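Hi everyone, thanks for coming. I'd like to take a few minutes to walk you through one structure. Let me put it on the screen.

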Amino acid sequence: IHNLGIADAIPEELAPASALYDQPGEMSKTANEHIGALTWIARCTRPDISAAVNRLATRLTVWSAYEDKLLERLYRYLWMTRYLVLEQEVHPGDFNIMGNITHVDSDHGGDLVQTRSCSGWAVSLDGPRTHALTGWAAKSQNATGRSTGDSECTAKADAIAANAESTRTCLEQLLQRDVWH
């Protein structure tokens, strides 16, 4: 926050996107470094910023003043929520009953720049006293969905392909039993 010259972490109102797209971004030369660092943070500890980082990453080659404002807003959000932590627990008593749960969400054409939807997913181990995230991600879908339901199905397919099935297979080998999902 301080390195960017931001005095406080209070979010500012954003000007209409069209007014800022025509102006070159001041951070265009260092945007890839910011996005790289934010991607690492999102992947390791902060699933809540995955979608925002993904959207900014798609704009690296056409960075404008609008992306400067979005990046600043994301840093302000991180500063205001710096005390959030992931709490995970795997209870040994749950080994025989824990399962692999996949949570998905998507929007339907929610990006102002492109018409494609954004998918987000999280895969977790769950049991009565167990909750541990094993993976999460957010990404733009490859094509424009026809409906919200279409976008949700694509998000579920992406989650299963990327993480859920491999996690379930690994658990079945470790626990030597079928794992529900």
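This is a predicted model: local features need pLDDT of at least 70, side-chain atom pairs count only at pLDDT 80 or more; totals for chains, interfaces and linings use all residues.

Let's begin with helix 4, which covers residues 65-80, 16 residues in total. From its first C-alpha to its last, helix 4 reaches 23 Å, close to the 22 Å expected at 1.5 Å a residue. Several of its residues are buried, among them Tyr-66, Leu-71, Leu-74, Tyr-75 and Leu-78.

How many salt bridges does the structure hold? There are 4, and I'll show you some of them.

In one, Arg-59 meets Glu-67 through their side chains, at 2.8 Å from N to O. Arg-59 and Glu-67 are both buried.

Another joins the side chains of Arg-76 and Glu-72, with an N to O distance of 2.9 Å. Both residues belong to helix 4 and sit 4 residues apart, about one turn of the helix. Here again, Arg-76 and Glu-72 are each buried.

Then we have Asp-94 and Arg-129, whose side chains form a salt bridge at 3.2 Å, N to O. This pair links distant parts of the chain, 35 residues apart. Asp-94 is in the loop between helix 4 and strand 1, while Arg-129 is in the loop between strand 2 and strand 3.

So is Asp-94 buried or exposed? Asp-94 counts as buried because its relative accessible area is 0%, under the 20% cut-off. Arg-129 has 44% relative accessibility, so that residue counts as partly exposed.

Technical notes: Residues are numbered from 1 along each chain as its sequence is written. Side-chain values use heavy atoms; hydrogens and water are left out. Helices (H or I, at least four residues) and strands (E, at least two) are DSSP runs, numbered from the N terminus. The expected span of a helix is 1.5 Å times one less than its number of residues. Buried means under 20% relative accessible area, exposed over 50%, partly exposed in between (1.4 Å probe, protein chains only).
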